Amino acid sequence: MATTTDVAAPVAARRRTGALAWIRRNPTITIGAAILAALVVSAFLAPWLADDPLSFEPINRLKRPSEQFWFGTDQFGRDVYSRVIYGTRISLAVGISVAVFATAVGLAVGVLCGYYKRADAIVMRIMDGLMAIPSILLAIALITLMKASLFIVIVAISIPEIPRVVRLVRSVVLTVRGQPYIEAAIASGTRGLTIMVRHILPNTIAPLIVQATYVCASAILTEAGLSFLGAGTPPEIPSWGNVISLGRTFFQIAPWIIFFPGVLLAITVLAINLVGDGLRDTLDPRIARRM
Amino acid sequence: MTALATATAAPAAAPASSDTILSVRDLRTQFFTRDGVVRAVDGVSFDLKRGETLCIVGESGCGKSVTALSILRLIPRGAGRIVGGSIKFEGTELTTLPEDQMRKIRGNRISMIFQEPMTSLNPVLTVGAQIAESLHIHQGLDRRAAWDRAVEMLSIVRIADPKRRAGEYPHQLSGGMRQRVMIAIALACNPKVLIADEPTTALDVTIQAQILNLMLELKERLGTAIVLITHDLGVVAETAQRVIVMYAGRKAEEASVEELFRNPIHPYTRGLMGSIPRRTATGRRSNIRGRLQEISGIVPSLREEIPGCAFAPRCSYAVDRCRTEQPPLDPHGPYHLAACWEAARVAATPR
């Protein structure tokens, strides 16, 4: 009886401090995830947190940040705070969509390339070609060819990201397929497709998740850059890039217009990268060296 | 007595009978490299009878593993291929069998255990799932049934607490346990032939005997024939009924275990036996010279065609003929074949 309580007590104690201990061990993930969570919540609750980001109030043009307008107003008298909060939606939507899209396509192509030598020879040359073109230029070219919309922006940003994912997945697949356990799987009569899906694919997941966070961060930056250049999200959509782009001309008299979206952009990208770095270290210590 | 009589009547490489499950004839497997053709297996023939244990011994690089891979047609495409000979399994010719038919044999009728238990299991799948997989593929069991059978297999290979272990990943198991899991995977579908490619090489000496005993015991229980590939003559002595000694992709000698150890004919076999450290009852080496013998020189490059006996450059008995003419596998007594021109002279020399 005494022994059972002796054994049970430390287990319970360990469990209670488990979450805290985990946080202490992974401060980067915790901080990054907390910031991201706050951003996601504000993106979802935008209609309650902010006013209409599009309503003009010419009487309140270029007002300094005040109690009424927390982040000031722009040249049309629109509330910068509301625009920035709504902009969170655009940035996160673009970042996450690009990460998912580029990762999914990259995974499929990468696994095929790693597994079939013939496909590899052709597809990797195309990927090399894509990588040779600066991603912003490629995105601008794609957007000019088609009507500007959020969807086109996402596709245009995804395409230059795909080759990087393909390379990563392909390298993992090439490493894994040479492993004796793949030979063992073949020797036990497993079909090629099953080997790919069941034996090779799970090995790519850890590095892929990490890569996805970097793709996400870079996509958010690219989207802002494209909007700033006027080649991205249509100007009526209050993305951070658009807000900064419009505020640029008034930079000297109304610096708050570009300051707040700029700071949020930096914080968002930083938070995503923190999560990515943390995941890399926890998911698989080996990939830390590989990347 | 009758067995002996038939063996004497047909001494050349035991004839294929209804008892023969796997019959390899003049197998030639070559690899095509930038520097030329490597003749990894160069005309090997042997038969495997139901339920017996056949050992293939030889140094590294003498074609043992390639022979095994050839039987299952696992030679990586592009790197090499079987260029000649025949492999018959229960009457079916394997060398020309379509790939989808071959897949039905692999892991089901003929399975294989690899050398490295550390890397032969997929680190991202539970061991239970890996055993269940071949059951799912070959016996069409559903997930639930395959899993239950996997747990049962784990208990058959004597892993304690199989229910819990089935849900664990390979890194949670020790080397010996992983090799047990490999055996469980290989035997899950009750194969007729088990090819074990140096199954104990990567294991601790203490575990080796356990694993070998387990394999032999399961062999008896399931009636599986085993082709055991090894470079360890100690393993041969303990496990096999018949032995094939391979050298440079060719068969050097073939005999029953007792016969081979009592009367090794090929100088290479003698060399292999001389390189085993021995101790007498008093704990001192019995070897008069007091030193462990080695076979000087290395296995020849298989890139060039070897005109004579492949072992000639390393052989102290070699005469001119050995370097120019390939010796045939001649019978030396009941069921004992050796490819040596100077067999008579070798046999006359005391070991």
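I call a residue buried under 20% relative accessible area, exposed over 50%, and partly exposed in between (1.4 Å probe, protein chains only). By that rule Glu198(B) is buried, at 6% relative accessibility.

**Entry: ground rules**

I am working with a predicted model, where local features need pLDDT of at least 70, side-chain atom pairs count only at pLDDT 80 or more, and totals for chains, interfaces and linings use all residues. Residues are numbered from 1 along each chain as its sequence is written, chains are lettered from A and ligands numbered from 1 in the order in which they are written, and side-chain values use heavy atoms, with hydrogens and water left out.

**Entry: backbone angles in chain B**

I went back to Glu198(B). Its phi is near 45°, a positive value in a residue other than glycine. I found Glu198(B) in the loop between strand S7 (193-197) and helix H8 (205-222) of chain B. Helices (H or I, at least four residues) and strands (E, at least two) are DSSP runs, numbered from the N terminus.

Next I looked up Arg73(B). It is not a glycine, yet it has a positive phi of about 55°. Arg73(B) sits in the loop between helix H2 (64-71) and strand S4 (80-89) of chain B.

**Entry: where A meets B**

How many residues does each chain give to the contact? I noted 15 residues from chain A and 21 residues from chain B. Contact means heavy atoms within 4.5 Å.

The two chains bury about 1600 Å² between them, and 58% of it is on carbon and sulfur atoms. Buried area is the accessible area (1.4 Å probe) that two parts lose on being put together, summed over both. On the chain A side, Tyr181(A), Ala187(A) and Arg198(A) lose the most area to chain B, together 33% of what that side buries.

I then checked charges across this interface. The rule finds one salt bridge between chain A and chain B. A salt bridge is a side-chain nitrogen of Lys or Arg within 4 Å of a carboxyl oxygen of Asp or Glu. The side chains of Arg198(A) and Glu133(B) meet in a salt bridge, 2.8 Å from N to O.

**Entry: salt bridges elsewhere**

Over all chains, I count 32 salt bridges by this rule. I looked up several.

Arg170(A) and Asp120(A) pair at 2.6 Å, N to O. The pair links distant parts of the chain, 50 residues apart: Arg170(A) is in helix H7 (residues 150-177) of chain A and Asp120(A) in helix H5 (residues 117-132) of chain A. Are the two partners buried or exposed? Arg170(A) is partly exposed because its relative accessible area is 22%. Asp120(A), at 13%, is buried.

Glu168(B) and Arg165(B) form a salt bridge, with their closest N and O atoms 2.6 Å apart. Glu168(B) counts as buried, at 10% relative accessibility. Arg165(B) also counts as buried, at 18%.

Lys219(B) and Glu220(B) meet in a salt bridge at 3.5 Å, N to O. Lys219(B) is buried at 5% relative accessibility, whereas Glu220(B) is exposed at 59%.

I also noted a network of salt bridges that links Asp26(B), Arg28(B), Asp42(B) and Arg250(B).

**Entry: around Thr126(B)**

Thr126(B) lies in the loop between strand S6 (110-113) and helix H4 (127-139) of chain B. Thr126(B) is buried because its relative accessibility is 14%. I left aside neighbours within four places in sequence. Thr126(B) is then in contact with Trp147(B), Ala166(B), Gly167(B), Glu168(B) and Tyr169(B).

Cys340(B) is in no disulfide, and the nearest cysteine sulfur, that of Cys315(B), is 6.1 Å away. Cys340(B) counts as buried, at 11% relative accessibility. Cys189(B) is buried too, at 5%.

**Entry: a nonpolar patch on chain A**

Last, I looked at the surface. Val40(A), Val41(A), Phe44(A), Leu45(A), Trp48(A) and Leu49(A) form a nonpolar patch there, with about 640 Å² of accessible area together. Helix H2 (27-44) and helix H3 (46-49) of chain A each give two or more residues to this patch. The largest share, three residues, comes from H2(A). Patches are made of residues with over 30% relative accessible area and no salt bridge: like charges are joined within 9 Å, nonpolar side chains (Val, Leu, Ile, Met, Phe, Trp, Tyr) within 5 Å. Accessible areas come from the Shrake-Rupley method with a 1.4 Å probe; for residues, only the protein chains shown count as cover.

I picked out Val41(A), which lies in helix H2 of chain A. Val41(A) is partly exposed, with a relative accessible area of 46%.

Conventions: Disulfide = S-S within 2.5 Å.
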